[in-house]
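User: I have a structure here that I have never looked at before. Can you walk me through it?

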Amino acid sequence: MAAKKLCEAYSKSLIDEVHRWGCLKQTGVSLKYMMEFGSRPSERNLLISAQFLHKELPIRIARRAIELENLPYGLSEKPAVLKVRDWYLDSFRDVRAFPEIKDTVDERDFTQMIKAVKVRHNNVVPMMALGVQQLKKDMKQKVVCEDLDEIHQFLDRFYMSRIGIRMLIGQHVELHNPNPPPHCVGYIHTRMSPVEVARNASEDARAICLREYGSAPDINIYGDPSFTFPRYVPTHLHLMVFELVKNSLRAVQERFMDSDKVSPPVRIIVADGIEDVTIKVSDEGGGIPRSGLPKIFTYLYSTAKNPLDENSDLGTADNVTMAGYGYGLPISRLYAQYFGGDLQIISMEGYGTDAYLHLSRLGDSQEPLS
C-alpha cells in the first residue's frame with residue numbers, strides 16, 4: 001500500500017489552498033431545514049443547494065485533510081491513513097476545480113461529480129480502522145491499553161464530519177430521484193416507523209449471526225407498528241439498530257453456545273416520548289465488566305478478533321462481519337448525536353446489557369461541527 005509523501009503527490013498550490021479553505025467557517029444545517037428545503041426540489045432550489053455545497057464541501061474536506069496530516073503517535077504515517085488522506089485531497093481538488101455553478105446544466109454536472117466523491121470515500125471507516133490497527137501493532141501493548149485520548153477525539157471529529165459530508169451529498173443527490181419512495185424528502189423519511197426499521201435491521205443482524213454461528217437467538221420487538229416518526233433518516237437508524245442487535249446476538253450466542261439451555265431472546269422496545277423516541281435493545285449475554293464499560297466507545301477496543309489485515313481488499317469490499325473492527329458502537333453513537341440524540345449502554349455483569357438509543361423528535365438541532 002505505497003503512498004507518497006504529500007509534497008511528492010500534490011502541488012504546493014493545492015496544499016496552500018487546502019490550508020486556506022481549512023481555516024474558513026463551516027455552516028451547519030438542521031434536519032428540519034434539510035427537510036423543509038428539500039420538500040420543494042425545484043430547479044431553483046437544487047441550484048441553491050449545489051451552490052451551497054460548492055462552497056461548503058471544500059471547507060469540510062480541507063479541515064479533515066489537514067488533521068490527517070497532523071495525527072499523534074505517527075498515525076499520519078501509516079499506509080492506510082495516507083491512503084485516506086489522498087482520497088480527501090483528491091476530493092478537495094475535484095470540488096475546487098469545478099467552475100462556478102450558474103445554471104441547471106452546471107448543477108447536474110456538479111451532482112454527478114459529488115456522487116463520485118461519495119463513492120470514493122465509501123471505505124474510509126474500515127481503512128482508518130486498519131490504520132489504527134497498524135498503529136497498535138507498532139506500539140507497546142501497555143500504551144495501547146491506556147486511553148489514547150487524542151486519537152479517540154480526532155476519530156470522533158473525523159467520523160462525525162464524514163457523516164455530515166455524506167448526509168449533505170446524499171441528500172442533494174437523492175433530491176434528483178425522479179421516483180422518490182413514498183413520504184421521503186431526499187434521505188429523510190416523513191413517516192418513518194421505528195418498529196419496521198428495527199425489524200429489518202434485526203433480520204439483517206440475525207442473518208449474519210446464522211451465517212457465522214449456524215444458529216441465532218430469537219428477537220422480540222415490542223412497540224406500536226403503526227407509530228411513525230415525522231423526521232428521520234431510516235438508513236442511519238438501520239445502521240445503529242443493526243449494530244446494537246448484532247452485538248447482543250453475538251454475546252448471547254457465545255454465552256449459550258455450549259449450554260443445554262435455550263438461548264434467551266434479544267428484546268427490542270420502542271418508546272414514543274415527547275422529546276425523544278427511544279429504542280432499547282436488551283440481552284442476557286452476560287454483560288460487560290464495569291472496568292470495560294469506559295472502553296466500549298473508544299476506537300482501540302474490541303472484544304472480538306479483528307477481521308482486518310494488511311491484505312484486506314478495501315478498494316471495493318463492503319463485507320460485514322459479526323464484530324471486531326472496534327468502531328461499531330462509537331460510530332453508532334455519533335450517528336445518534338448527529339441529529340441531537342444519544343446512545344447509552346448500561347450493563348449488568350453476569351446477566352446482560354441494555355442499550356438505549358435516543359432519537360430527538362424535534363429535528364431542529366444543528367449538526368455538531370468541529
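User: What kind of model is it?

Analyst: It is a predicted model.

User: OK. How many helices and strands does the chain have?

Analyst: There are 12 helices and seven strands.

User: And how much of the chain is buried?

Analyst: Of its 370 residues, 52% count as buried. The accessible surface of the chain is about 17600 Å², and carbon and sulfur atoms make up 51% of that surface.

User: What share of the contacts is between residues 24 or more positions apart?

Analyst: Taking contacts with a separation of 6 or more, 79% join residues 24 or more positions apart.

User: Now the core. Which residues in the largest nonpolar core touch the most other members?

Analyst: M128, L237 and L357 do, in a core of 107 residues. Helix α9, residues 149–174, gives the most to this core, with 12 residues.

User: Why would nonpolar side chains sit together like that?

Analyst: As a general matter, nonpolar side chains in soluble globular proteins tend to be buried together.

User: Back to L357. What is it in contact with, leaving aside neighbours within four places in sequence?

Analyst: L357 is in contact with L237, M240, V241, L244, V277, T278, I279, A336, D342 and L343.

User: Switching to aromatics. How many pairs are there?

Analyst: The structure holds eight aromatic pairs. One of them joins Y88 and F158, with ring centres 5.4 Å apart and planes at 45°, so that pair is tilted.

User: Where do those two lie?

Analyst: Y88 is in helix α5, residues 79–97, and F158 is in helix α9, so the pair ties together parts that are 70 residues apart in sequence.

User: Is Y88 buried or exposed? And F158, buried or exposed?

Analyst: Y88 counts as buried, at 1% relative accessibility. F158 counts as buried at 0%. The cut-off for buried is under 20%.

User: Which residues do ring pairs link into a cluster?

Analyst: The cluster consists of Y88, F154, F158, Y159 and Y299.

User: What about I331, which helix is it found in, and what does it touch?

Analyst: I331 is found in helix α12, residues 328–338, and counts as buried at 9% relative accessibility. Not counting residues up to four places away in sequence, I331 touches V125, Y159 and Y299. Y159 and Y299 also belong to the ring cluster.

User: Last one. What sits over the ring of F297?

Analyst: The charged end of R333 does, 4.0 Å from the ring centre.

How values were computed:
Residues are numbered from 1 along each chain as its sequence is written. This is a predicted model: local features need pLDDT of at least 70, side-chain atom pairs count only at pLDDT 80 or more; totals for chains, interfaces and linings use all residues. Side-chain values use heavy atoms; hydrogens and water are left out. A nonpolar core is a set of buried Ala, Val, Leu, Ile, Met, Phe, Trp, Tyr and Cys residues joined through side-chain atoms within 4.5 Å. Buried means under 20% relative accessible area, exposed over 50%, partly exposed in between (1.4 Å probe, protein chains only). Helices (H or I, at least four residues) and strands (E, at least two) are DSSP runs, numbered from the N terminus. Contact means heavy atoms within 4.5 Å. Rings of Phe, Tyr and Trp (its six-membered ring) pair if their centres lie within 6.5 Å; planes under 30 degrees apart count as stacked, over 60 as edge-to-face and the rest as tilted. A charge sits over a ring if NZ of Lys or CZ of Arg is within 6 Å of the ring centre and within 35 degrees of the ring normal. Accessible areas come from the Shrake-Rupley method with a 1.4 Å probe; for residues, only the protein chains shown count as cover.
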